[in-house]
Structure formats: structure tokens, C-alpha cells
Amino acid sequence: MKHLLSVADLTREDAVRILDTAAQMAATQEREIKKLPTLRGRTVVNLFFEDSTRTRISFETAAKRLSADVINFSAKGSSVSKGESLKDTALTLQAMGADAVVIRHQASGAPHTLATAGWTRGAVVNAGDGMHQHPTQALLDAYTLRRHLVGDGGRADVYGRDLEGARVVLVGDVLHSRVARSNVGLLHTLGAEVVLVAPPTLVPVGAGAWPARVSYDLDATLAQVRPDAVMMLRVQRERMSSAGGGFFPSPLEYARRYGLDARRLAALPDHAVVLHPGPMNRGLEITADAADSPRSVIVEQVANGVAVRMAVLYLLLAGRNDGSAA
Ligand code: CP
């Protein structure tokens, strides 16, 4: 693995290797001294052209726990506001010796361009590009599901090996969601069954060809599928042209048809868990009592993000000293 641009780049073996490495990284984080010397002397650049709380902080934490030097770049307050291009920004950061560039960008494909155009010699990690991909989010979601559903090392014993046969329902704004695209791909690679539930206006053209079933009826789907996990997706109002953008009649109507609330929570199987990538629109796609319920693993997802990103940086960088990946 030279870069991590998309879940489509991962075979099942690659994904399991990352998840297993993340479990080892998580074990090291239980120790009193959390810092490992593994990436001492390496430099990780966090290149964020779009806002982020969880992803940026957890990549920074992951790199620092591995003893890498970290350079944080945010487009806001940088020369990007004076019109500097991605190319010139990347070349500038390369001049400072980046071994890995973690990039979030509003344009789908920006990480691929960075990785292939020769603007950086480092490994490129996609931290979210437009509506396209967010591979480390899908990996941390799979890691979280594995901890809860898989017998060997997991907390419950619903599935015996990884996520084969696990039933996951993704609900909400699939159209604008790189998290949904990444999760559908990775969960399929890992053998899970995925159902997408959304209003017809928020289902992308072509979703019928994805390895997932599509439904417009949340209550019917929950009753029929009896999911092991429900993953709520954020309504991405910033990607809609106006407040609701005409994608749904009103926030109240959306919450009534597609929101996760106490009634729907009570209808889930006892072992089922609730995920949300964050940031949440409380009261829209998820009520406070669902978000804060004992079934919610939303805060745990954030913690797991550090271990998963440590694993990704480790697998990309450890042993890399000649321009090729480990
Ligand atoms: N889940 C996620 O990508 O959150 P941030 O936008 O806060 O990084």
C-alpha cells in the first residue's frame, strides 16, 4: 500500500490487516506511556482545505503517538485565500519534507491528483474528498462494528469472523455522503450486507449499481432487516443550495420519516448499535436520546479513529525509506 485514497484500493486482506493493526495500536493506548517511537524522524502534514474536528485532530494525535513530527495546514488563514493552487501549496509543503500528506479537500479526486501528479514524494492519505471517499472513516466504523459484533476479541458474539453476514442499515443523506460511499464499499468487501434508507431525493443516481439494497421506508426496513447496526448520516445542508435545498419538505418531516428516535431505537434488536460519523444535527437525523443512549457508540467511534489512523500511518510509513511503501 503506497497511498490510501479510496476503500476501492483495499482488498479484504488489506482491510483486515489495517483493522488487526488498529487493535494492536489500541492496546498500546491502554498503557500509561502512550507514545511509540515507530515514526520518529518522519513528518506528517495535515493538509485541510475543508473544516474538520474529528479527522484532523485524530490524525494529529495518531501521528504524534507514533512520534512523527506533525505540520498542520489549514486553508483558512493560509495563502490559499490569496489564490495559491493545490499544486503550489503541495510543492511548498514537500519542500519542508513531508513523508505523508493527509489531505481533506472539497473537490472529489484531489487526493488522487496529489498522489499521481508528482507534487509530493510522500504517502497520500485521503481524509475526505468532496462527496467521493473518506476511507479512514469507513475503517474506523468497521473497527467499531467489529469490536461490538465479532466474537473473537469483540464484546458480543454475534458474528464469528470479521463482519461476514453482519446487517448494517445506513440512513439519511446518501447523496452528499462520502461516508456512505466509503462504508458501502468497505462493508461489502468485508462481507456485510448493507441497506441504504433515504428519501428518493437523497439517493444518488446510480446507487442501484452499488453493492447495497435501497429503501425509502425506514420503519419497514428496520422491521424487516433486524439490523446489527444503524449508521445515521448527517444531513449535509452546506452541500445543498439552500437550507433544505428542496430535498425534503421540512426538517420536521425529515425527522419524522428518517430520524432515529427513542421509538425506532426500541424496535432494534438488543445487541444492535448506533453509529454516526459526526458532526450530528441533533433533532434532525438523530434525537438527543438516541445519540446519548447506551446503544450509541458515537463517542467510541472517535476514540477508535485514533487507533485506526495510527495503523494506517504505520502501515504506510514504517520501513519506508526509498520512496516505496512498506
Ligand atoms: N467524521 C468526520 O469526518 O468528522 P469531521 O468532519 O469533524 O472530521
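Colleague: Does arginine 226 count as buried, partly exposed or exposed?

Modeller: The model is predicted, so to speak of local features requires pLDDT of at least 70, and side-chain atom pairs count only at pLDDT 80 or more, whereas totals for chains, interfaces and linings use all residues. Residues are numbered from 1 along each chain as its sequence is written, and side-chain values use heavy atoms, with hydrogens and water left out. Buried means under 20% relative accessible area, exposed over 50%, and partly exposed in between (1.4 Å probe, protein chains only). Because its relative accessibility is 38%, arginine 226 counts as partly exposed.

Colleague: Where is arginine 226 found, and what is its phi?

Modeller: Helices (H or I, at least four residues) and strands (E, at least two) are DSSP runs, numbered from the N terminus. Arginine 226 is found in the loop between α7 and β8. Most residues other than glycine have a negative phi. Arginine 226 is not a glycine, yet its phi is positive, at about 50 degrees.

Colleague: Why do the buried residues of α7 line one face of the helix?

Modeller: In α7, residues 218-225, the buried positions are Leu218, Thr221, Leu222 and Val225. Directions are taken from the helix axis to the C-beta atoms. Seen down the axis, these residues line one face because they fall within an arc of 95 degrees.

Colleague: Which residues are exposed on the other side of α7?

Modeller: The buried residues of α7 are covered by elements including β5 (167-171), β6 (193-197) and α8 (251-258), where contact means heavy atoms within 4.5 Å. On the other side of α7, the exposed residues are Ala223 and Gln224.

Colleague: Which residue caps the N-terminal end of α7?

Modeller: A side-chain oxygen of the capping residue lies 3.2 Å from the backbone nitrogen of aspartate 219. The cap at the N-terminal end of α7 is aspartate 217.

Colleague: With which side chain does the side chain of asparagine 46 make a polar contact?

Modeller: Asparagine 46 is placed in strand β1, residues 43-48, and is buried, with a relative accessible area of 0%. A polar contact is a pair of N or O atoms within 3.5 Å; within protein, one must be able to donate a hydrogen and the other to accept it, and residues adjacent in sequence count only if both atoms are side-chain atoms. At 2.9 Å, the partner is the side chain of asparagine 72.

Colleague: Which residue does a cis peptide bond join to glycine 278?

Modeller: Most peptide bonds are trans. Here omega is about -5 degrees, and the bond is cis. The residue in question is found in the loop between β9 (273-275) and α10 (288-291). The cis bond joins glycine 278 to proline 279.

Colleague: Which element gives the most to the lining of the largest cavity?

Modeller: On a 1 Å grid over the protein atoms alone, a cavity is a set of points where a 1.4 Å probe fits but cannot get out, and lining residues have an atom within 4 Å of a point. The lining includes Arg54, Gln137 and His276. Elements that give two or more residues to this lining are α2 (54-65), α5 (135-149) and α11 (298-317). With five residues, the element that gives the most is α11.

How values were computed
1 Å grid on protein atoms, 1.4 Å probe; cavity = no way out; pocket = protein on both sides within 12 Å on 5 of 7 lines; lining within 4 Å.
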